[in-house]
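Morning, everyone. Let me put the model up and walk through a few spots.

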Amino acid sequence: MSDGLEDVVAARTVLSEVDGAAGRLIIRGYRLEELAGRTSFAEAAELMLDGFFPDLPSGEAFAAALSRSRVEVFAEVAALDGRLVSRSPVEAVRALMARLADGDDLATALRLLAAPAVFTPAVIRARRGLKPVAPDASLPHAADILRMMGGEAVAPAQAAALDAYLVTVCDHGLNASTFAARVVASTQAGLASAVLAGLSALKGPLHGGAPGPVIEMLDAIGEASNARPWLEAALQRGDRLMGFGHRIYRVRDPRADALKRAIGKLGTSSGRLAYAEAVEAAAIAILRERKPDRALQTNVEFYTALLLEALSFPPDSFTCVFAMGRTLGWIAHAQEQIAGGRLIRPQSVYVGPVPKQAA
Ligand code: ACO
């Protein structure tokens, strides 16, 4: 038995393969490098969902259906009241997503895919005291997300960078949130229930909640020369360094480099990038000194933080942006799990008190 289920195989999937020793990620037959920065999120979504819905449209028709779904779910933003706005962005987005109906058809899947993309900009604006901006179905997905957040059209390079991010994080084997989604899907509860389970698991700082704290760490360190003493003090306190380490990867997370390339193409934050690289190098060196047997490397969250910061997402919304991409993986995995038809129901070992013998 292993407490974290490492090395336990719990699903067969055609969706993605994570090779932790080689630092390789395959998504539906393509290496990550072939997809990220080269395909739009809508194209990646069509690829991932292929074979899971009988009526899946293709090409421009798929992109148009996703755009219409953004417009459709926008009606739910009216439920964003002061109480929800005072919660963390991911809790507010989760509450709005919980308003969507369950189901296992394509329309339900597209609404769920569109939901975090529409709700996150609305929540970000509401927290700034601004009115939501309605989706524009004539725009591609990533460009519309950034427009809904900032209120005006963005440069193609920015939309391309967000597309690269969403594609990079759209699926990643049987990570905690995807497993949670598959468990719920296996009960036939419906796609909305599976996606909400995934989102709830993603929220934790050991999974998708890490990139916000990466920015806090970079801001607290302040300058490259302060990196080593700051990081050593953090480890001395028993803190984990956010953006480093991974359950599967024993070498560098290939997603970190995909995102670094996307940041490079933005060309806006070269000073910040150089500073972050210095912090990254110091962190890897210190982790190697302290944990020579563990091979702790940069994970996806480190460069996620830098990319989403460059795109003007506030750090406390980063997990929601992660969910915009990963919802695609949750939906595809849920459909795959349902098609397999087997309820996920593992065993536990009882280590509690033994009942007294009856007299
Ligand atoms: N900083 C400091 N020490 C670390 C780190 C880190 N980032 N990661 C692992 N370690 C240490 C652990 O404390 C542990 O030490 P111990 O054996 O003395 O207790 C040892 O390395 C082994 O770590 P595990 O806990 O076995 O690693 P696990 O595979 O369970 O954890 C995890 C992976 C949760 C990602 C971990 O590396 C971590 O907490 N990282 C920081 C948070 C983070 O970046 N999360 C995002 C992950 S990527 C994603 O989910 C999308």
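The buried residues of helix 14 are Leu273, Tyr275, Ala276, Val279, Glu280, Ala282, Ala283, Ile284, Ile286 and Leu287. Buried means under 20% relative accessible area, with a 1.4 Å probe and protein chains only. Among what covers them are helix 11 (211-221), helix 12 (227-236), helix 13 (254-266) and helix 15 (300-310).

A word on the source. This is a predicted model, where local features need pLDDT of at least 70, side-chain atom pairs count only at pLDDT 80 or more, and totals for chains, interfaces and linings use all residues. Residues are numbered from 1 along each chain as its sequence is written, and side-chain values use heavy atoms, leaving out hydrogens and water.

Helices here are DSSP runs of H or I, at least four residues, numbered from the N terminus.

Next, glutamate 301, in helix 15. Glutamate 301 is buried yet has no salt bridge. That would take a side-chain nitrogen of Lys or Arg within 4 Å of a carboxyl oxygen of Asp or Glu. The nearest side chain of opposite charge, arginine 255, is 7.3 Å away. Beyond four places in sequence, contacts (heavy atoms within 4.5 Å) of glutamate 301 include His207, Pro211, Val214 and Phe322.

Last, alanine 142, in helix 7, residues 141-150. Alanine 142 counts as buried because its relative accessibility is 1%. Leaving out residues up to four places away, alanine 142 touches Ala159, Leu162 and Asp163.

Key:
Buried < 20%, exposed > 50% of the residue type's maximum accessible area, 1.4 Å probe, protein only. Helix = DSSP H or I, 4+ residues; strand = E, 2+ residues; numbered from the N terminus. Lys, Arg positive; Asp, Glu negative; His and termini not counted.
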